[in-house]
Amino acid sequence: MIRTIRYYGDPVLRRPARPVTRFDEELARLAEDMIETMHDDEGVGLAAPQVGEPLRLFVASRCRRNEDGELEHLEDFVMVNPQITQRKGAQVVPEGCLSIPGLYVEELERDLKVRVSYQDLQGKAQELEAEGHFAQVLQHEYDHLEGILFFDRLPEEERRAFLEEHRADLARLQRQAKALLKELRSKGAERSR
């Protein structure tokens, strides 16, 4: 099932997510929905807060560009309660976000290599090393679990310039987020009757 992606301005995106403690069918269904939603929106990663679930869970796709320049998903990962345990090197990359559609920064510094410890959907400990684009994706999604958005990683002056340049777009997204929250609350109230 495709989930609704929450937009900039939704408070769930700014709160640190809580640890997952139940590894059950509901968690597996959430992860499956998130992978479907990520692919449907042509993303390479999606954190649970982005679909309104304040849990320490994200999905990420190791990808490559094919001969036509299209993104090919090679392998999808589900990471529960992840921790970045090692960081090495630096890379400067363009970056955007499904929760802030249409807005990007051209140059954002990220670690070149990371090691992530996490649990799988059965709660078993796993570890993964990544570099380049996939390392960037993992860092971006991990930030979502901490309530951090990509432009928060810009140096102060660049961050202010980004916010000023995109003030109208961000205000529009905030209005959409508020309208979506109102709609979701209304649907929830109808279901509980």
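Student: Why does N81 count as buried?

Tutor: Buried means under 20% relative accessible area, exposed means over 50%, and partly exposed covers the range in between (1.4 Å probe, protein chains only). N81 has a relative accessibility of 18%, so it falls under the limit and counts as buried. The areas themselves come from the Shrake-Rupley method, in which only the protein chains shown count as cover for residues. This is a predicted model, in which local features need pLDDT of at least 70 and side-chain atom pairs count only at pLDDT 80 or more, whereas totals for chains, interfaces and linings use all residues. Residues are numbered from 1 along each chain as its sequence is written, and side-chain values use heavy atoms, with hydrogens and water left out.

Student: Where does E42 lie, and is E42 buried or exposed?

Tutor: E42 lies in the loop between helix 1 and strand 1 (45-47). Helices here are DSSP runs of H or I with at least four residues, and strands are runs of E with at least two, numbered from the N terminus. E42 has a relative accessible area of 69%, so it passes the limit for exposed residues.

Student: Which residues gather with E42 in a patch of negative charge?

Tutor: E32, E36, D40 and D41 gather with E42 in a patch of negative charge on the surface. A patch takes residues with over 30% relative accessible area and no salt bridge; like charges are joined within 9 Å, and nonpolar side chains (Val, Leu, Ile, Met, Phe, Trp, Tyr) within 5 Å. Asp and Glu count as negative, Lys and Arg as positive, and His and the chain ends are not counted.

Student: What does the pair of E146 and R56 tie together?

Tutor: E146 lies in the loop between helix 2 and helix 3 (156-165) and R56 in the loop between strand 1 and strand 2, so the pair ties together parts that are 90 residues apart in sequence. E146 is partly exposed at 30%, whereas R56 is buried at 8%. L55 lies in the loop between strand 1 and strand 2 and is buried at 15%.

Student: What makes the contact of R64 with E72 a salt bridge?

Tutor: The closest N and O atoms of R64 and E72 are 3.1 Å apart, which falls within the salt-bridge limit. R64 is partly exposed at 48%, and E72 is partly exposed at 26%. Another salt bridge joins the side chains of E164 and R167, at 2.2 Å from N to O. E164 is partly exposed at 47%, and R167 is exposed at 53%. Salt bridges that share partners also join E95, R110, D143 and R153 into one network.

Student: Which residues of the largest nonpolar core touch the most other members?

Tutor: Of its 20 residues, these are F58, M79, V114, V116, L128, F134 and L138. Two or more residues come from each of strand 2 (57-65), strand 3 (71-88), strand 6 (113-119), strand 7 (125-131) and helix 2 (133-145). Helix 2 gives the largest share, 6 residues. The set is called a nonpolar core because such a core consists of buried Ala, Val, Leu, Ile, Met, Phe, Trp, Tyr and Cys residues joined through side-chain atoms within 4.5 Å.

Terms used. Areas by Shrake-Rupley, 256 points an atom, 1.4 Å probe, with all protein chains shown as cover. Salt bridge = Lys/Arg side-chain N within 4 Å of Asp/Glu carboxyl O. Charge placed at Lys NZ, Arg CZ, Asp CG, Glu CD.
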